[in-house]
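Reader: I am new to this structure and would like a friendly tour. Could we look at it together?

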Amino acid sequence: MSQLLPHRPLITWQEELIQSIRCPRELLEYLQLPMELLPQAESASQLFELRAPRPYLDRITKGDPNDPLLKQILPVHDELTITPGYSNDPLEEANSNPTQGLVHKYHGRVLLIVAPNCAINCRYCFRRAFPYQDNNPSRQQWLQVFETIRADDSIREVIFSGGDPLASPDRQLQWMVDQLVQIPHIQRLRVHTRLPVVIPQRITAETLSWLAETRLQSVLVLHTNHPNELDDEVTLSIQRLRHAGVTVLNQAVLMKGVNDDLDTQVALSEALFAAGVLPYYLHLLDKVQGAAHFAVNDADAVALHQQMQARLPGFLVPKLAREEPGALNKTLIF
Ligand SMILES: *Cc1c(COP(=O)(O)O)cnc(C)c1O
Ligand code: SF4
């Protein structure tokens, strides 16, 4: 058993959130990085704040400014560059957000913005500039959202989104599922989340209760970008989800300098499957202002994807896709 015990003292996920590092100087000290990185980290964090929980930081190699996990959280100078073709609302979600909390842009599926925040601030995030403050509905407004869903029987699937939906307390998520199960045409519940990767103890007994003990079929789509993100504690949390009957898939974002090489992608697929997760999407970067330095061009992405097909069994090759504003589904890239 001893190898299954967490190496960190066991504290709750809420405590881990509170103890997250938000100060650039503290981050550099904690990770033994050169203080020359401080001025850019401070200026870039004014646009989009630094936020990094310690369980995630503990998987970063100390003293390595090129660590692929560090690059996903450290604010850098490149974020201040204004790039043509990049915007603050790259998916034009402002157009499909008529009711607070509800985004209805895919056929048969609706997104509920169940949490306005995240556990971590990923530098590549397409919601760097999303108007979350306008998307924090009251209980009364949620009841209206459920009425909207009830009135449209083309909707089969409800997707908990965010921010990160698991940043919400289990009791609130349980309440939402309790409402949704009363709508006969809803068959599936899907949760898109990075939280179990960032703070694995987020998967609690209460989480398994609302997610798995329901008539709805439950799917959890993890957002894992690099094999180093899957440590023993993350794997244990995934195993608990799987044991409870939840289908677990993964969506990754393809990023220059993080995971845009064949060996990393092969290792990611293998590590995911070893943990019980099927790779689902490999997503091209959304063109959000401040993230252009992560972009991989289409030709390079397609070449990498073809090499993955040559190295991996088909079921371990994620679909290469991008989201286009106004489209009713993701666009597959060949
Ligand atoms: C693509 C995407 C969806 C919809 O996914 P499908 O599997 O294509 O239905 C939902 N949420 C997020 C965050 C996505 O990126
Ligand atoms: S967890 Fe997802 S939504 Fe949250 S900051 Fe990261 S990429 Fe953005």
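Reader: How much space lies in the largest cavity?

Author: Happy to start there. This is a predicted model, in which local features need pLDDT of at least 70, side-chain atom pairs count only at pLDDT 80 or more, and totals for chains, interfaces and linings use all residues. Residues are numbered from 1 along each chain as its sequence is written, chains are lettered from A and ligands numbered from 1 in the order in which they are written, and side-chain values use heavy atoms, with hydrogens and water left out. On a 1 Å grid over the protein atoms alone, a cavity is a set of points where a 1.4 Å probe fits but cannot get out; with points joined across faces, edges and corners, and volume taken as the space filled by probe spheres set on them, the largest cavity holds about 50 Å³.

Reader: Which element gives the largest share of the lining of that largest cavity?

Author: Lining residues have an atom within 4 Å of a grid point, and here they are Asn 250, Ala 252, Gln 265, Leu 268, Ser 269, Leu 272, Pro 279, Tyr 281 and Pro 318. Helices (H or I, at least four residues) and strands (E, at least two) are DSSP runs numbered from the N terminus, and S6, helix H10 (262–274) and S7 each supply at least two of the lining residues. The largest share, four residues, comes from H10.

Reader: How many charged residues are in the lining of the largest cavity?

Author: Asp, Glu, Lys and Arg count as charged, Ala, Val, Leu, Ile, Met, Phe, Trp, Tyr, Cys and Pro as nonpolar, and the others, Gly among them, as polar. The lining of the largest cavity has six nonpolar and three polar residues, and its number of charged residues is none.

Reader: What is the volume of the largest pocket, and which residues are closest to its centre?

Author: A pocket is an open set of grid points with protein on both sides within 12 Å along at least five of seven lines. The largest pocket has a volume of about 920 Å³. Among the 43 residues that line the largest pocket, those closest to its centre are Phe 126, Arg 127, Ser 161, Gly 163 and His 223.

Reader: Where does ligand 1 sit, and how much of its accessible area does the protein cover?

Author: A molecule sits in a pocket if more than half of its atoms lie within 2 Å of the grid points, and ligand 1 sits in the largest pocket. Oxygen atoms of ligand 1 lie 2.7 Å from an N or O atom in the side chain of Lys 330 and 2.9 Å from a polar side-chain atom of Gln 251. By the Shrake-Rupley method with a 1.4 Å probe, ligand 1 has 380 Å² of accessible area on its own, and the protein covers 90%.

Reader: Which residues are around ligand 2?

Author: Ligand 2 also sits in the largest pocket. By class, its shell has five nonpolar, one polar and one charged residues. With a heavy atom within 4 Å as the cut-off, the residues around ligand 2 are Cys 118, Ile 120, Cys 122, Tyr 124, Cys 125, Gly 163 and Arg 194.

Reader: Which residue does a cis peptide bond join to Gly 163?

Author: Gly 163 is in the loop between S3 and helix H6 (170–180). The omega of the cis bond is about 25°, and the residue joined to Gly 163 is Gly 162.

Notes: Polar contact = N/O pair within 3.5 Å; in protein donor to acceptor, adjacent residues only side chain to side chain.
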